[in-house]
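Q: Please take a close look at one part of this model and describe how its elements are arranged.

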Amino acid sequence: MTGVLPIGLEESTKTVQAVLAGGKEYVGVMKLHGDVDFSRVVKAFKEFTGEIYQRPPLRSSVKRRIRTRTIYYVSVIEMDGRNVLFKVGCQSGTYIRKLIHDVGEVLGVGAHMAELRRTRAGPYTEDENLVRLQDLADAKAYLDEKGDESWLRKVILPVETSVALLPKVYVKDSAVEAICYGAHVAVPGISKLTSGINPGDLVAVMSLKGELVALARAEMSSQQIMEAERGIALKTERVILPKGLYPKTW
Amino acid sequence: MTYKKVAPPWEVERRLLVREEAETSDKYGIPPDKRPLKDHIRFGYVNLDKPAGPSSHEVTAWVKKILGVSHAGHGGTLETPPGVGETPL
């Protein structure tokens, strides 16, 4: 199986949960074990849109209890005999091999997944900045041998790219350092924010320069943050920005 | 069959709301694209095109080795089918 595999380096491993929250998209080939009409295949796939139940397969790293996953969309792109090219957008942790097996069961003939390529993992897609292992090795050699860091800078993306799909709050310079020490995010320290924040949401706390300061859990909605004058708006969970870059104001 | 359509996270649109205008001083912090190379790597992500064959775990270990970093973590295992380039369980 090939495709988009975002890898967080050192401090960036803290934000992998933000990438997982962003869902996945795959393109693959299903191999039917019998002949089925195109229209029946399309209809069977459609039945798997929305919330589905899955028991993780034997070879999996999680506890094997039935759990629900959301399929945002799934469609048939093309069909040639018993080969079906499909596309699926889904929540992280959806087992595509299992999904395809289940579509085969619904069709009554059985099916298995022959090919799979991930075309998106959260904010990362195969259309932008996708690099091969060879590119990384070459970029590193270019630095080591020529002393030129420009290529390596291109193949490595800033940690901020990992939170691109999260709702955000932007905090004032005076509020940054306390958050770096683990303090929760109080309403008066917030300058800007995105709409659509609900209590319990994972939110990226940003500086006004666009640096990722921390990941936090919302205690208030966007509207409440706009209207409140004091109080804790978000509870800090993971601090990413190092201490000492912003002034201590306490 | 009835189902509720849920928009994928990448199609959610968000507006920017201003609670209180504020300026940021050049004296503090570093914009993400201006970090020294060492920090650019420590606070970096690689959008890797995973090759077929090796496991996600193996590929992540290679990235660590190539870049000489101490930790790396990937955003979701891309399974390797049984019998492809890995030791059978």
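In which sense do E13(A) and E14(A) pair, and over how many bridges? Please include the surroundings of these strands in the account.

A: In this predicted model, strands E13 and E14 of chain A pair in the antiparallel sense, over 5 bridges. One pair of residues in this arrangement is A:Ala214 with its bridge partner A:Val239 in E14(A). E14(A) also pairs with E10(A), again in the antiparallel sense, here over 2 bridges. For A:Ala186, the bridge partner in E14(A) is A:Ile232.

H6(A), residues 173-180, is mostly covered, with 6 of its 8 residues buried. The buried residues are A:Asp173, A:Ala175, A:Val176, A:Glu177, A:Ile179 and A:Cys180. They pack against strands of chain A, namely E9 (168-171), E10 (185-186), E12 (202-207), E13 (212-218) and E14 (232-239). Just after H6(A), A:Gly182 takes a positive phi of about 100°.

The axes of H4(A), residues 133-146, and H2(B), residues 56-67, come within 9 Å and cross at roughly 10°. Because angles under 35 degrees count as roughly parallel, H4(A) is roughly parallel to H2(B). H4(A) contributes A:Leu133, A:Leu136, A:Ala137 and A:Lys140 to the contact, while H2(B) contributes B:Val59, B:Trp62, B:Val63, B:Ile66 and B:Leu67. By class, the residues of this contact comprise 8 nonpolar, no polar and 1 charged.

Definitions and conventions:
Residues are numbered from 1 along each chain as its sequence is written. Chains are lettered from A and ligands numbered from 1 in the order in which they are written. This is a predicted model: local features need pLDDT of at least 70, side-chain atom pairs count only at pLDDT 80 or more; totals for chains, interfaces and linings use all residues. Side-chain values use heavy atoms; hydrogens and water are left out. Axes are lines fitted to C-alpha atoms, for helices over the stretch in contact, and angles run from 0 to 180 degrees between N-to-C directions. Helices (H or I, at least four residues) and strands (E, at least two) are DSSP runs, numbered from the N terminus. Angles under 35 degrees count as roughly parallel, over 145 as roughly antiparallel, 65 to 115 as roughly perpendicular and the rest as oblique. Contact means heavy atoms within 4.5 Å. Ala, Val, Leu, Ile, Met, Phe, Trp, Tyr, Cys and Pro count as nonpolar, Asp, Glu, Lys and Arg as charged, and the others, Gly among them, as polar. Buried means under 20% relative accessible area, exposed over 50%, partly exposed in between (1.4 Å probe, protein chains only). Two strands pair if DSSP finds at least two bridges between them.
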